[in-house]
Amino acid sequence: MNLLFDENIATSYRSRSQQARVMTEDWVARNLYCIRCGHPSLAHFPNNQPVADFYCPHCHDQIELKSHAGKYGRFIADGAYNTMMERLHSKTNPDLLVMEYRVDKYMVENLWLIPNYFFTPDIIEKRKPLSVKARRAGWIGCNILWESIPRLGKIVLVKESIPIPSRFPQKQFAQTASMERKSLASRGWLMDMLRCIEAIPSEHFTLADIYDFADHLQTKHPSNHHIKDKMRQQLQFLRDQGFLAFEGRGRYRKLTLWIN
């Protein structure tokens, strides 16, 4: 995998954002494979596709690309809020490629794939409407809260300018794919639990450690009157799917997939 962009294809564009878009999209088309099925290449949708940028010619998975010069902060700016909310309920909601690149060398520095089933309403932030003086007055955009996406959902393809062998991202995708079968509401609960577990710094933790988050989850889910029962249910799912090991007497251990 060559991490350098082809600068020659962007010489006809004056806007830096347009240059970056052309170079990053060209790089993906030349270098990336489909994580879902292993197909060796991705195809580019025609320009101005309303949702996705790429698709897999074999399994037809759709992928959107977001790229940024340098590090992302708290959020990733996205499009219309209402469109995003509709996408979350759609079977064709695309997976997301998140790229950080070095502008001094025009090369990929970090690259993640976020499977679409890690997207839930609480990681989408509604922006303020544009002012009445704006060209699109009243338009409401959204942000993807990058720091709120569980680490298990950030599948690393390139880390600090070092490509990760494809077998590792494909294995992580396969291990998390069982989450895709859950409803959006069920996935919301599961993402809450993943964030709680990731907030515990040690590899080993207890049921009591998890219960420390019960008040926080009760605030998020005020209509649920059996919070601790629900938390244990999510722990059981994560254990059954190979994310956690139950060591008896209320003790758990994070398995290697958590330790990136």
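**View 1. Serine 15 counts as partly exposed, because its relative accessibility is 32%.** Partly exposed here lies between buried (under 20% relative accessible area) and exposed (over 50%), with a 1.4 Å probe and protein chains only. This is a predicted model, where local features need pLDDT of at least 70, side-chain atom pairs count only at pLDDT 80 or more, and totals for chains, interfaces and linings use all residues. Residues are numbered from 1 along each chain as its sequence is written, and side-chain values use heavy atoms, leaving out hydrogens and water. Serine 15 sits in the segment before α1 (16-31); helices are DSSP runs of H or I with at least four residues, strands are E runs of at least two, and both are numbered from the N terminus.

**View 2. Helix α4 (residues 184-199) is mostly covered.** Of its 16 residues, 12 are buried, including Trp189, Met191 and Cys196. From first C-alpha to last, α4 reaches 23 Å, close to the 22 Å expected, that is, 1.5 Å times one less than its number of residues.

**View 3. An open sheet of 3 strands runs in the order β11-β13-β12, with antiparallel pairing.** β11 (204-206) and β12 (244-248) are at the edges with a single partner strand each, so one side of each has no neighbour in the sheet. Strands pair if DSSP finds at least two bridges between them.

**View 4. Here's β12 alongside β13 (residues 251-254), paired in the antiparallel sense over 4 bridges.** Across the pairing, phenylalanine 246 stands opposite tyrosine 252 in β13.
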